[in-house]
Number of protein chains: 2
Amino acid sequence: MTLPVIGLAEITAIATPEVIFTAVREALIAHAEARTAVPPPMLLEFPDHAGDCHVKAGHVAGSPYFAVKIASTFASVNNGLILVVDATTGVPAAVLSDEGMLTSWRTAAAGALITHALTPPEVDEVAVLGTGEQALLQVLWLSKLRPITRVHVWGRRPDAAARLCQAFEAEGLDARPDALEAGALCVITTTAARNPLPAEAFRNAVHVTGVGTDMPGKHELPVELFENALVATDDHAQCLHHGDFGNAVRAGVIDADADVSVGTILADTNRALSHSIADLTGIGATDAAVASAVVGNRFSTTVE
Amino acid sequence: MTLPVIGLAEITAIATPEVIFTAVREALIAHAEARTAVPPPMLLEFPDHAGDCHVKAGHVAGSPYFAVKIASTFASVNNGLILVVDATTGVPAAVLSDEGMLTSWRTAAAGALITHALTPPEVDEVAVLGTGEQALLQVLWLSKLRPITRVHVWGRRPDAAARLCQAFEAEGLDARPDALEAGALCVITTTAARNPLPAEAFRNAVHVTGVGTDMPGKHELPVELFENALVATDDHAQCLHHGDFGNAVRAGVIDADADVSVGTILADTNRALSHSIADLTGIGATDAAVASAVVGNRFSTTVE
């Protein structure tokens, strides 16, 4: 048995934004319609090396593949891979040695899709809180869905915010480190915060997308934001468990059954345009979808 | 980044019974002493293809590697692989494309170790219930630890029992399809039974090892066997959840805290020689141990 190991260069050539957007959108809708299998993730911790490893698995009904993803972070360095398995035989089909990039892209695509869906079409300025990879990617992927004329940045460290602005400028986007002052209508949070971010950043927001709450103890959004908001979650149970939706429920600001599925909103073109929040914690179904898209595309275009 | 995929031929050359016995014994003892990290396993089901996939992960404290195992069974055909990851950096170290054999061997080794430890030394006959791969391996691996002069076999299908006897004969072991009549002192159960096996097979048993209960709904051992028995479990919570120990606890035959760890018994040379039962459900720590042993051994003897 030979098991192909597909490296990042080949993955990047196959996994165009169009491929990723399509796979993630379909997976989120399938998940909202209970057409996915996503067991609870596993977590291994390595405190001696400032490390942890998340294992996520998923299958979208009808897909020829399912996927098991290993994503590790040791001393702030991400790593991992995705194993893709034939869903009709159980035989491993390929290892995607993606260095964590498919996770970055599916997170960016999920955020951009729901941000675009819930932000009024005329809005072309966006604020992003946080200065890491997702701060850059969330806005760049959103700019593939609608024109973005200006980015307002905020980070705890001014030097990191300045560097992020430079990165946006290099991509042709006007960017300024003024998210607290700007009061943008659309705000995206991408931090590892354990205490709510400054409330003033959200004072004019009609839509907020949060992608930072990936485990218990994380907290990005002031719970007051959830009052009277339309709340979209990528996975109800997971967002209740460790998303900011759960933080707001435990604070008594919103009912535990008040959320709707991100996938329901993506499938529905007659969406409500009220004040809205998307709470994204990341689901194995989107990992499975992008990994399956890469493998399916590769096997359809190469002779083994 | 190149990720070595180590195939079954190379794994077989490295993973001698001595390597496997050592790794499994150390992992079971470490697990009994709370020196392992083993998150709850994940299960994906594919009813349209008579398939399921178990994902297990584990780390033995101090080991340079941790492991994530994907084990699938579709239409009774096993498959899978083990991913081995550097436990100090999170970087994937190797994929063991073992076609499920390391799981077979670690299951055989764990069973043989505890069967040998809890069966009086003079016993040289054994009964095995079930006719699959583990029926053969449990006895063959036990025969590496003590002389076995005769094997008593039972299976629901007489033709399968006859074939298993032939397989034992081919390995130089006298075997007969008479486990129900023989009343052996040592009985090993290796079935996928959902209802208890015939009680007469256990009527003279001083030790029973059960390895078949790998998920809720499985049931091999008559619950009465657990009365006044020394019960050894490979993982207390897992055996309580879906092992025959749990079945006996729910039947009110034994207390939920009456078991001891397999690893405690393996570490203790002054063991009790009463009527005993070993309930093995399989733990990720042993997967991690054997996978780490293979990778560690390979990297120490080859130049990359």
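You're looking at a predicted model, where local features need pLDDT of at least 70, side-chain atom pairs count only at pLDDT 80 or more, and totals for chains, interfaces and linings use all residues. Residues are numbered from 1 along each chain as its sequence is written, while chains are lettered from A and ligands numbered from 1 in the order in which they are written.

E99(B) sits in the loop between β7 (92–96) and α3 (101–118) of chain B (DSSP runs numbered from the N terminus: helices are H or I, at least four residues; strands are E, at least two). Check its backbone: phi is positive, about 55°, although E99(B) is not a glycine. Most residues other than glycine have a negative phi.

Now jump to N228(A), in the loop between β12 (207–210) and β13 (230–233) of chain A. N228(A) isn't a glycine either, yet has a positive phi of about 60°. Is N228(A) buried or exposed? Exposed, with 9 C-beta neighbours inside 10 Å.

Finally, show both chains. A rotation of 179° with 0.0 Å of shift along its axis puts chain A on chain B, RMSD 0.1 Å (least squares on C-alpha atoms of residues with pLDDT of at least 70 in both copies). The two copies are therefore related as by a two-fold rotation axis.

Notes
A residue is buried if 20 or more other C-beta atoms lie within 10 Å of its own, exposed if 12 or fewer, and partly exposed in between; C-beta atoms are placed from the backbone.
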